[in-house]
Amino acid sequence: GGVITLDPGYKNTGSCESSITFLDGEKGILRYRGYSIEELAEKASFLEVVYLLIFGELPNKETLDKFHEDIKSHSVVDDDLKKILDAFPKSAHPMGVLSSLTSALTAFYPSSVDVASEEAMYNSIVTILGKFPVIVAWTMRKKQGLPLEYGDDKLGYVENILKMMFKSPNGDYIQNPILVNALDKLLILHADHEQNCSTSTVRITGSSHAGLFVSLASGISALWGPLHGGANQAVLEMLEAIKADGGDTKKYMAKAKDKNDPFRLMGFGHRVYKNFDPRALIIKQAAEEVLADLGIEDPILDIAKGLAKEALEDSYFVDRKLYPNVDFYSGIIYRAMGIPVEMFTVMFALGRLPGWIAQWKEMRTRKEPIGRPRQLYIGETYRPFTTIDKR
Ligand code: CMC
């Protein structure tokens with residue numbers, strides 16, 4: 001082989017060419033297929049964005065309706081999946097459950113690994129878009145000891161997700177348009193983010209020609225970690241800890257700056273954004289609106305704003321260009337919606353699903369080679385073997 005360039009964390013290595021998401025970290029620009037995240041969050045529905053990311057164009061009404069119908073025709077999961085879900089302890093973290101169930105889907109829908117034709121690929125895509133929300137909702141209901149239910153096919157994609165999650169055991173469910181709009185926006189803001197850790201994982205897994213569902217399952221596992229999607233849970237837990245500590249933000253700022261303390265200010269910093277995270281700006285505003293609309297006064301929001309203000313004025317954070325990221329305010333909205341904190345990263349996965357699918361489809365369609373980085377070996381040179389009695 002030729003000369004190997006070392007780039008830990010792939011900070012400066014492009015792994016593919018892509019026409020899905022454009023990101024300029026200096027200017028804080030994020031666009032899906034050329035459309036700005038600000039406009040999409042304001043004017044599009046999540047399902048339109050799903051279609052846009054995966055197929056490259058905004059759908060017209062007819063195309064979107066057909067797409068939604070196709071997804072709805074896959075909105076029932078095999079009953080045996082309930083048995084797998086039942087076997088998990090109630091204490092299981094929802095992200096582990098989500099990853100396992102997504103992987104398990106392959107067993108029930110084995111044809112989903114067929115990508116020989118565009119039609120076969122399309123079928124796998126609408127299958128997972130139909131079944132994933134069911135798994136998400138059931139993962140939450142299992143945790144809460146609620147019966148596993150289906151939604152209502154007459155509802156919109158996001159409305160139906162909320163109904164599946166929140167329908168009471170006696171069947172009651174009152175739809176709140178404020179929550180539908182808020183979730184729609186949050187899912188759009190999470191829908192893709194080019195070659196981040198979980199997306200790269202999906203592409204690498206898929207590059208061995210493993211099927212779509214297991215590729216997604218590995219992406220879910222990558223998303224779980226607190227440096228990535230798990231940060232949204234970690235942020236809320238951090239804000240709660242600060243609140244319990246009498247709102248002592250200074251103490252946590254000091255911990256975050258202390259190089260001997262592994263603690264980081266969760267929800268701060270980003271590999272690519274070095275000025276601001278455009279998603280965080282939209283989410284902060286949405287958090288204020290949703291709380292106001294619902295008439296909730298959450299002291300956690302004040303702590304978050306106070307912490308952000310202090311950090312933005314502190315030379316440690318300014319010098320390192322650390323700003324609030326997408327995960328900093330999202331949990332405040334999820335919590336106002338009644339979603340338990342351990343489910344926050346699952347909600348991130350629900351939003352990121354179309355991005356993962358679009359990136360997997362692009363990778364397979366472009367017939368990209370297997371992902372296989374090299375290394376610089378720094379271990380022992382040759383050593384003669386010694387038998388166990390001589391060691
Ligand atoms: N708190 C305190 N110090 C930090 C933080 C933080 N949140 N983030 C980075 N730093 C420091 C870091 O210690 C380093 O300092 P020094 O140069 O003195 O050694 C410098 O800033 C650069 O950090 P890095 O770790 O080299 O940067 P990275 O690009 O490898 O990591 C990151 C990016 C997002 C993993 C990191 O900023 C982080 O751990 N943030 C907290 C977790 C978080 O909020 N993750 C969500 C990311 S956005 C959405 C997503 O991906 O899901």
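D327 sits in helix α16, which covers residues 326-336. The model is predicted. The protein chain splits into domain 1 (9-227 + 343-365) and domain 2 (231-336). Both domains give residues to the shell around the ligand, so this shell lies between them.

**Annotated active site**
- An unreviewed UniProt entry lists H270 and D327 under "active site". The two are spread over 58 residues of sequence, yet they cluster in space, with a largest C-alpha distance of 10.6 Å.
- D327 counts as buried because it has 29 C-beta neighbours inside 10 Å, and the cut-off is 20 or more.
- Beyond its neighbours within four places in sequence, D327 is in contact with A231, N232, V235 and G267.
- H270 is found in the loop between α12 (249-257) and α13 (278-294).
- H270 is also buried, because 21 other C-beta atoms lie within 10 Å of its own.
- With neighbours within four places in sequence left aside, H270 is in contact with D277 and N325.

**Ligand surroundings**
- The ligand is surrounded by 20 residues. The closest are A231, R264, G269, R271 and N325.
- By class, the shell around the ligand has eight nonpolar, eight polar and four charged residues.

**Nonpolar core**
- The largest nonpolar core has 107 residues. Those touching the most other members are V49, L53, L98, I188, A304 and I333.
- Helix α17 (residues 344-365) gives this core its largest share, twelve residues.
- Domain 1 and domain 2 both give residues to the core, so the core lies between them.
- I333 is in contact with A182, L186, A286, A287 and V290, leaving aside neighbours within four places in sequence.
- In soluble globular proteins, nonpolar side chains tend to be buried together.

- The C-alpha centres of domain 1 and domain 2 are 26 Å apart.
- Contacts link 22 residues of domain 1 with 25 residues of domain 2.
- On the side of domain 1 that touches domain 2, the elements giving two or more residues are β2 (29-32), α1 (37-43), α8 (177-190) and α17.
- The largest share of that side of domain 1, six residues, comes from α8.
- That side of domain 1 has 14 nonpolar, four polar and four charged residues.

Conventions: Residues numbered from 1 in each chain as written. Predicted model: local features only at pLDDT ≥ 70, side-chain atom pairs only at ≥ 80, totals over all residues. UniProt positions renumbered as here; feature names shortened; annotations may be inferred. Helix = DSSP H or I, 4+ residues; strand = E, 2+ residues; numbered from the N terminus. Buried ≥ 20, exposed ≤ 12 C-beta atoms within 10 Å, placed from the backbone. Contact = placed C-beta atoms within 7 Å. Core = buried A, V, L, I, M, F, W, Y, C linked by C-beta atoms within 7 Å. Domains from an automatic or database assignment. Near = placed C-beta within 6 Å. Nonpolar A, V, L, I, M, F, W, Y, C, P; charged D, E, K, R; others polar.
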